[in-house]
Amino acid sequence: REETRKFVFRVHELPIHIDSPYFDFYSCMTDITLFTERNYLSREVTERLRSLFEEIVVIHLLPKMKPQDTIDVSISCSELIDRITMDISFTNPDFDPERDIDEVSRAIIEHRSDSLTFAPAGEEGGTGSIEITIGKC
């Protein structure tokens with residue numbers, strides 16, 4: 001069903017899997033840039049996505065990451081729908097986006113995104129998520 005939706009709406013996706021705090025940050029930033037260029041997205045969208053990735057994943061999720069934790073980021077855009085989504089799922093039960101993201105970071109995230117949804121991981125083994133939507137500009 002999901003594959004059919006991706007085909008019908010011509011959805012292009014960039015998956016990023018992080019299972020170590022020592023992941024290649026520069027490679028991820030390059031991948032985001034190449035993804036936006038391949039899909040003819042504006043430079044503003046590129047900067048917004050890169051900024052959101054750095055603010056949420058690098059500044060807030062990675063410092064709290066334990067050896068067994070993983071972070072999955074999926075950036076997707078559709079040729080037919082004028083929005084880009086960044087879905088971040090994480091397995092760290094100690095991270096609660098509502099509680100752990102400070103005011104300055106929250107202001108940056110809200111300024112860079114059009115809509116934002118948080119869900120904490122809950123108990124051990126649960127998966128939390130952050131969903132961000134931005135327009136194509």
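In what order do the 5 strands of the open sheet stand? The order is 1-2-3-5-4, and the pairing is antiparallel. Keep in mind that this is a predicted model.

Let's go to the edges. Strand 1, residues 11-18, is at one of them, and strand 4, residues 115-119, is at an edge too. Each has a single partner strand, so one side of each is left without a neighbour in the sheet.

Now a look at one pair. Take isoleucine 18 as an example: its bridge partner in strand 2 is isoleucine 71.

Next, confidence. The average pLDDT for the protein is 88, and 93% of the residues score at least 70. Where is the mean pLDDT lowest among the elements? In helix 1, residues 2-8, at 65. Helix 2, residues 25-38, has the highest, at 96.

Last topic, cysteines. How many disulfides does a search of the whole structure find? The count is 0. Look at cysteine 28. Its closest cysteine sulfur belongs to cysteine 77, and that sulfur is 17 Å away. A disulfide needs the two sulfurs within 2.5 Å, so this pair is too far apart for a bond.

Key
Residues are numbered from 1 along each chain as its sequence is written. This is a predicted model: local features need pLDDT of at least 70, side-chain atom pairs count only at pLDDT 80 or more; totals for chains, interfaces and linings use all residues. Side-chain values use heavy atoms; hydrogens and water are left out. Two strands pair if DSSP finds at least two bridges between them. Helices (H or I, at least four residues) and strands (E, at least two) are DSSP runs, numbered from the N terminus. pLDDT is the predictor's confidence in each residue, from 0 to 100.
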